[in-house]
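Let's take a look at how the inside of this protein is put together. Have the sequence and the 3D view ready as you read.

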Amino acid sequence: MSRLPEPADETTSKKMRAVRQSGTSPEIAARRALESLGVEFEVNVEGKPGRPDIWITPDEVPVFVHGCFWHRHEGCKKATMPKKNREFWAAKFQRNLERDGRKMLELKNLGYSPVVIWQCETENESSLEALLMEKIGNVESRASAPR
């Protein structure tokens with residue numbers, strides 16, 4: 001594998017290192033929405049293919065909460081291309097997309113139906129709940145006992 005170009009400068013490099021990989025605001029919004037729907041889940045479960053952000057436990061549904069910028073949400077205004085060091089960013093984004101594709105394929109090959117929630121879809125709580133119900137199916141059948 002060829003070495004990728006370096007980030008344009010130390011400031012960019014520091015910013016990249018500071019980006020959270022789990023427990024992000026969009027992930028927390030998705031967890032809250034699932035909780036309000038009464039859906040049982042675990043987070044960042046070790047040993048599951050691709051280490052999904054959320055694992056809906058009753059039916060074993062992997063859920064990924066993707067940042068629009070990092071995972072290139074097509075058509076989203078958050079999926080911008082930085083102006084500096086475009087070669088670096090293009091390679092970085094390509095690797096992210098390839099990894100995402102491998103994770104999804106591995107999960108599908110094991111019989112799972114992975115769900116992707118985009119960062120921009122987590123901004124409105126009621127819309128997010130409706131989207132989750134649509135994507136994971138009838139949550140009443142998955143809901144835990146009343147809390």
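Predicted model: local features only at pLDDT ≥ 70, side-chain atom pairs only at ≥ 80, totals over all residues.

## A pair of strands

Strand β3 (residues 61–66) runs parallel to β4, and the two pair through four bridges. Here, strands are DSSP runs of E with at least two residues, helices are runs of H or I with at least four, and both are numbered from the N terminus. Two strands count as paired if DSSP finds at least two bridges between them.

Residues are numbered from 1 along each chain as its sequence is written, and side-chain values use heavy atoms, leaving out hydrogens and water.

## Covered on both faces

Which residues of β4 (residues 115–118) are buried on each side? Val 115 and Ile 117 are on one side, with Val 116 and Trp 118 on the other. Buried means under 20% relative accessible area, exposed over 50%, and partly exposed in between (1.4 Å probe, protein chains only).

## Two cores

A nonpolar core is a set of buried Ala, Val, Leu, Ile, Met, Phe, Trp, Tyr and Cys residues joined through side-chain atoms within 4.5 Å. The largest one has 16 residues, and Ile 117, Leu 34 and Ile 136 are among those with the most contacts inside it. Helix α5 is the top contributor, giving four residues. A second, separate core has ten residues, including Val 116 and Trp 118.

Ile 136 sits in α5 (residues 125–136) and counts as buried because its relative accessibility is 2%.
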